[in-house]
Structure formats: C-alpha cells, structure tokens
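Let's take a walk through a protein model together. Have the sequence and the 3D view ready, and look up each residue as we get to it.

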Amino acid sequence: MIESEMTDSEKKDSNQTVQYVGFWLRFGASVIDSIILIMFTYPFLFLIYGGQYFDSAESVQGFSDVIITYAFPIIATILFWIYKSATPGKILLRAKIVDEKTGNKPTVKQSVIRYLAYYVSLIPLGLGFFWIAWDDKKQGWHDKIAGTIVILRHQ
C-alpha cells in the first residue's frame with residue numbers, strides 16, 4: 001500500500017513508533033495521580049484546618065484551602081506536562097503527552113489549553129473523557145482542543 005493511501009493509524013502501526021494510550025490506562029494514571037495528590041495535600045489541610053476540615057460541608061474554608069486544593073494541583077499538573085510530558089501516574093504507566101503534529105513535548109500554551117479543556121470534557125457528563133474509548137487516536141476532547149495525543153513511551 002502506498003504511504004499516502006494509508007490512514008494515520010496504519011502509518012503508526014507499520015512503523016511501530018507510536019502506540020496511542022486508551023481510556024483504561026489513562027483512567028488508571030488519573031487514579032494514581034489523585035492518590036498522590038491526596039497524599040500530598042491532605043496532611044497540609046489537616047495541619048492548617050484540623051480534622052474538622054474533612055467533616056465540613058463548606059466547599060472552601062479559606063485562602064490556604066484555595067491554594068492547596070485548587071491552585072497547587074493546577075500548577076503542578078501543567079508543570080509536569082511541560083517538563084515531563086506526563087503526570088506521575090502517566091510516568092508510572094509509561095505514557096506521555098505529545099504534540100499531535102510534531103511528537104514533541106506539549107508547549108506551555110498547549111498545556112494550559114489542555115487543562116482548561118478538561119472542563120469542556122467534563123461538563124457533559126464526562127463525555128469528553130469517555131470519547132477516548134471511541135476515538136481512532138484515543139484523544140479526549142481536551143486533547144483535540146489542545147492538539148495533543150497520549151502515547152506509550154518506548155523503553
């Protein structure tokens with residue numbers, strides 16, 4: 001078959017250079033990231049607010065809460081994407097985020113857009129995340145918006 005007639009997935013398969021990461025592996029990476037984040041943030045929240053923090057019905061309990069619960073995870077995630085092309089969960093599962101066109105690390109702009117686009121993926125009952133299961137390149141809506149793909153790292 002002539003290369004120009006091949007689909008993107010056939011080109012990737014024939015070269016065996018790129019393997020897209022699907023829904024379940026990415027879900028597993030997200031669970032690992034969440035556990036790591038909880039292990040890091042909960043002790044600080046407990047030290048600052050005490051045990052009653054976890055029993056409170058309030059969504060925000062102060063400036064420190066906003067920084068630890070919201071700002072830190074956003075900044076850490078984006079920095080991991082920029083410098084490591086992956087969060088700790090993806091690193092452990094040998095996955096990385098790359099620019100869809102070049103295969104290079106995502107740019108700062110792509111990383112910020114990708115994070116903001118998480119909300120686009122999440123709002124309609126998480127459909128943008130489930131889209132990963134059906135898409136040929138295993139892209140969620142946030143990947144499509146940011147121009148990124150998630151692939152397996154080669155050893």
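Before we start, here is how the parts get their names: helices (H or I, at least four residues) and strands (E, at least two) are DSSP runs, numbered from the N terminus. You're looking at a predicted model, where local features need pLDDT of at least 70, side-chain atom pairs count only at pLDDT 80 or more, and totals for chains, interfaces and linings use all residues. Residues are numbered from 1 along each chain as its sequence is written, and side-chain values use heavy atoms, with hydrogens and water left out.

Find Leu125 in the loop between α5 (108-122) and α6 (127-134). Leu125 isn't a glycine, yet its phi is positive, about 55 degrees. Is Leu125 buried or exposed? With a relative accessibility of 79%, Leu125 counts as exposed; the cut-offs are under 20% relative accessible area for buried, over 50% for exposed and partly exposed in between (1.4 Å probe, protein chains only).

Next up is Lys138, in the loop between α6 and α7 (141-146). Lys138 isn't a glycine either, but has a positive phi of about 60 degrees. Its relative accessible area is 24%, so Lys138 is partly exposed.

Now for Ser85, in the loop between α3 (63-84) and α4 (88-92). Ser85 has a relative accessible area of 4%, so this residue is buried. Leaving out residues up to four places away in sequence, Ser85 touches Phe80, Lys96, Ile97, Lys105, Pro106 and Arg153; contact here means heavy atoms within 4.5 Å.

## A buried aspartate

Asp65 belongs to helix α3. Its relative accessible area is 0%, so Asp65 is buried. Which residues does Asp65 touch, not counting residues up to four places away in sequence? They are Leu45, Tyr49, Tyr53, Ser59, Val60 and Tyr70. Take Leu45: it sits 20 residues from Asp65 along the chain, and their C-alpha atoms are separated by 6.9 Å.

## Rings that pair up

A pair of aromatic rings is described by the distance of the centres and the angle of the planes. Rings of Phe, Tyr and Trp (its six-membered ring) pair if their centres lie within 6.5 Å; planes under 30 degrees apart count as stacked, over 60 as edge-to-face and the rest as tilted. By this rule the model has 16 aromatic pairs. One of them joins Tyr53 and Phe54, edge-to-face, at 5.1 Å centre to centre with 85 degrees between the planes. Tyr53 has 12% relative accessibility, so it counts as buried, while Phe54, at 36%, counts as partly exposed.

Trp81 and Tyr115 make a tilted pair, 6.1 Å centre to centre with 50 degrees between the planes. Trp81 lies in helix α3 and Tyr115 in helix α5, so the pair ties together parts that are 34 residues apart in sequence. Both Trp81 and Tyr115 are buried. Ring pairs link Trp81, Tyr115, Tyr118, Tyr119 and Phe129 into a cluster. Also look for Arg114: its charged end sits over the ring of Trp81, 4.7 Å from the centre (the rule asks for NZ of Lys or CZ of Arg within 6 Å of the ring centre and within 35 degrees of the ring normal).
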